[in-house]
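Subject: The structure for you to look through

Hello! Here is the structure I said I would pass on to you. Have a look at it first, and then read my notes below.

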Amino acid sequence: MARDIKAERAAMDEAARGKTVLTNFEQTCSEIPDRDALRWKDGSGAWHGLTWAQYREQVRYATAGLKAIGVKPGEFVVIMARNRPEHLIADYGALHARAIPVSLYNTLAPEQVQYIANHCDAVVAIVEDVGFFKKFEAIRSELPKLRTIVVIEPAGVDVDDQVITWASLLSRGQADDKRNPQAFEEWR
């Protein structure tokens, strides 16, 4: 029996109609909140995980944290981190804040980072560690729109008003979320 590719495509299109990455995320979080969403090993080889409910909560705090540091709808957030939960949380946080996340390859040279960050007028950079931070530090004076750098693992990085930690971003977000819990739903 021959496959009806057009019919299959029409069925897929209909199933996807009206859905976005965010609606799919919300649907999954509500349907299976206690199942594993993310699993990873730390440096010692120990496994860790987040359920869909925990993942959503972290995204919620990242969203509120990005808004708290001034990220507005339509602005760009660049993310330079390896395959780790914070990268995914930052990506969804930016989307929920109605910003545009841009993932950068971790092998990019500072000049390439500068080109991409300037091309999209990035206002925030989220970086994994001191190594990635140094790439931004080397070209910081050439990034006029960049207001804040968020460092996931801040060992070796001096934090100040323009360089904050991931933990600080989430803490700000948690505080803002308590003050205005309905703000997370503004993406709808």
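In the protein chain, residues 24 or more positions apart account for 66% of the contacts with a separation of 6 or more, where a contact means heavy atoms within 4.5 Å. Please keep in mind that this is a predicted model, in which local features need pLDDT of at least 70 and side-chain atom pairs count only at pLDDT 80 or more, while totals for chains, interfaces and linings use all residues. Residues are numbered from 1 along each chain as its sequence is written, and side-chain values use heavy atoms, with hydrogens and water left out.

**The chain as a whole**

You will find seven helices and seven strands in the protein chain. Both are DSSP runs numbered from the N terminus: helices are H or I with at least four residues, and strands are E with at least two. Starting at the N terminus, their order is α-α-β-β-α-β-α-β-α-β-α-β-β-α. The C-alpha trace spans about 60 × 40 × 35 Å along its principal axes.

Of the 188 residues, 41% are buried. Here buried means under 20% relative accessible area, exposed means over 50%, and partly exposed is in between (1.4 Å probe, protein chains only). The chain exposes about 10,600 Å², and carbon and sulfur atoms supply 51% of that area. Accessible areas come from the Shrake-Rupley method with a 1.4 Å probe; for residues, only the protein chains shown count as cover.

As for charge, there are 24 positive and 27 negative side chains, and the centres of the two sets lie 3 Å apart. Lys and Arg count as positive and Asp and Glu as negative, while His and the chain ends are not counted. Each charge is placed at NZ of Lys, CZ of Arg, CG of Asp or CD of Glu.

**Strands side by side**

Why is β5 described as largely enclosed by the rest of the structure? Six of its six residues are buried, so the rest of the structure largely encloses β5. Strand β3 (residues 76–80) pairs with β5 in the parallel sense over five bridges; two strands pair if DSSP finds at least two bridges between them. Within that pairing, Val77 stands opposite Val124 in β5. Strand β6 (residues 148–151) also runs parallel to β5, joined to it by four bridges, and Val127 stands opposite Val151 in β6.

The pairing of β1 (residues 36–41) with β2 (residues 47–51) is antiparallel, over five bridges. Asp36 stands opposite Thr51 in β2. The hairpin of β1 and β2 has five residues between the strands, and Gly45 in that hairpin takes a positive phi near 95°.

You can find Arg98 in the loop between α4 (85–96) and β4 (100–103), where Arg98 is partly exposed with a relative accessible area of 45%. Asp121 sits in the loop between α5 (110–119) and β5 (122–127), and Asp121 is partly exposed as well, at 40%.

Arg188 is exposed, at 61% relative accessibility.

**Helix α3**

Leaving aside neighbours within four places in sequence, Arg60 is in contact with Asp177, Pro181, Phe184 and Glu185.

Gln58 is in helix α3 too. Not counting residues up to four places away in sequence, Gln58 touches Leu50, Ile89 and Leu170. The C-alpha atoms of Gln58 and Gly93 are separated by 8.4 Å, and these residues are 35 apart along the chain.

**Cysteines**

Lastly, a search of the whole structure finds zero disulfides, a disulfide being a pair of cysteine sulfur atoms within 2.5 Å. Cys29 is buried, at 4% relative accessibility, and Cys120 is buried with a relative accessible area of 11%.

Happy exploring!
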